[in-house]
Amino acid sequence: MIILCSLGVWQLQRGQVKAQRIQQIELRQATNPLNIEDILARQDKRDLPLEFKGRMLVNKVFLLDNRIENGQVGFHVLVPVRTEFGIVITNLGWVKAGQYRNELPKFDLPSYEQTLFGTSWVPTVNPMVTETAQFTDDWPVLLQSIDLTLISKFMGADVLPIVLQLDPSFPIGFSRNWVPVVMAPEKHYGYAIQWFALAIACFVIYVIALRKRKVLKDV
């Protein structure tokens, strides 16, 4: 019962954190776009509207593997963009994978200077994901996670500690259905109810078992 109640409380806390994150995203997205310098000066660099001028390094494309959209497997296309403040990794969105694993998609991306805009994001490295990328002269490079330290090694140059998630309205033909909060707070609350219900069921079973035991002793 203690374990089940603890799990229920944990899910309630997770739901509250997600609700606060959604509220924070809505408030931040309502502000005017910031430049790179402004975002780098902030302690929390996530979920901020970001706009800057830069050139895509079109010969240094990374593909983030195993991205699912509408039940189909594909990649997120990551392109370094050189700006006056440094190199920013920009997520251009999702593309469908080919029929065979070794057939990576190719792209014809513009290399001229342009203004890019979208939302800032700070990747975290998942310790459960095993990176399989090998150092090679062949591009694009296939990645299992967005590890900015690893990307810097591939490029031979430092990259800034933020990623731009390109706005869906930007005129490049990749699918961009960004979901900043994967699981809604309501789901966490639903799981909490389930854990508490199991705890109540355990309590009821325990009481019934005690009564039966007492009856057997009296007999």
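Author: Helices, of at least four residues, and strands, of at least two, are DSSP runs numbered from the N terminus. In this model, which is predicted, the chain holds 4 helices and 7 strands.

Reader: In what order do the elements of the chain run from the N terminus on?

Author: The order is α-α-β-β-β-β-β-β-α-β-α.

Reader: How does the radius of gyration of the chain stand against the globule rule?

Author: The radius of gyration is 24 Å, whereas the globule rule gives 17 Å for 219 residues; the chain is therefore more spread out than a compact globule. Along the principal axes, the C-alpha atoms fill a box of roughly 90 × 45 × 30 Å.

Reader: What percentage of the residues of the chain count as buried?

Author: A residue is buried when its relative accessible area is under 20%. Of the 219 residues here, 38% count as buried.

Reader: Which residues touch the most other members of the largest nonpolar core?

Author: A nonpolar core joins buried nonpolar residues through side-chain atoms within 4.5 Å. The largest one has 25 residues, and those touching the most other members are Phe-52, Met-56, Val-77, Leu-92 and Leu-116. Two or more residues each come from helix H2 and from strands S1, S3, S4 and S7. Strand S3 gives the largest share, 4 residues. There is also a second, separate core of 17 residues, with Ile-146, Leu-150, Phe-154 and Val-159 among them.

Reader: With which residues is Phe-52 in contact, leaving aside its neighbours within four places in sequence?

Author: Its contacts are Ile-36, Val-81, Thr-83, Val-88, Thr-90, Gln-114, Thr-115, Leu-116 and Leu-164.

Reader: Is Leu-148 buried or exposed?

Author: Leu-148 lies in helix H3, residues 148-155. Its relative accessibility is 14%, so Leu-148 counts as buried. Beyond residues up to four places away in sequence, Leu-148 touches Ile-89, Pro-123, Val-159, Leu-160, Pro-161, Ile-162 and Val-163. From Phe-117, Leu-148 is 31 residues away in sequence and 20 Å away in space, C-alpha to C-alpha.

Reader: Which residues form a nonpolar patch on the surface?

Author: A patch is made of residues with over 30% relative accessible area and no salt bridge. Here Met-1, Ile-200, Phe-203, Val-204, Tyr-206, Ile-208 and Leu-210 form one, with about 670 Å² of accessible area together. Tyr-206 has its place in helix H4, residues 185-218. The accessible surface of the chain comes to about 13,700 Å², and 56% of that belongs to carbon and sulfur atoms.

Notes. Residues numbered from 1 in each chain as written. Predicted model: local features only at pLDDT ≥ 70, side-chain atom pairs only at ≥ 80, totals over all residues. Heavy atoms only, no water. Patch = residues over 30% accessible without salt bridge, like charges linked within 9 Å, V, L, I, M, F, W, Y side chains within 5 Å. Areas by Shrake-Rupley, 256 points an atom, 1.4 Å probe, with all protein chains shown as cover. Salt bridge = Lys/Arg side-chain N within 4 Å of Asp/Glu carboxyl O. Buried < 20%, exposed > 50% of the residue type's maximum accessible area, 1.4 Å probe, protein only. Contact = heavy atoms within 4.5 Å. Rg over C-alpha atoms; globule rule 2.2 N^0.38 Å.
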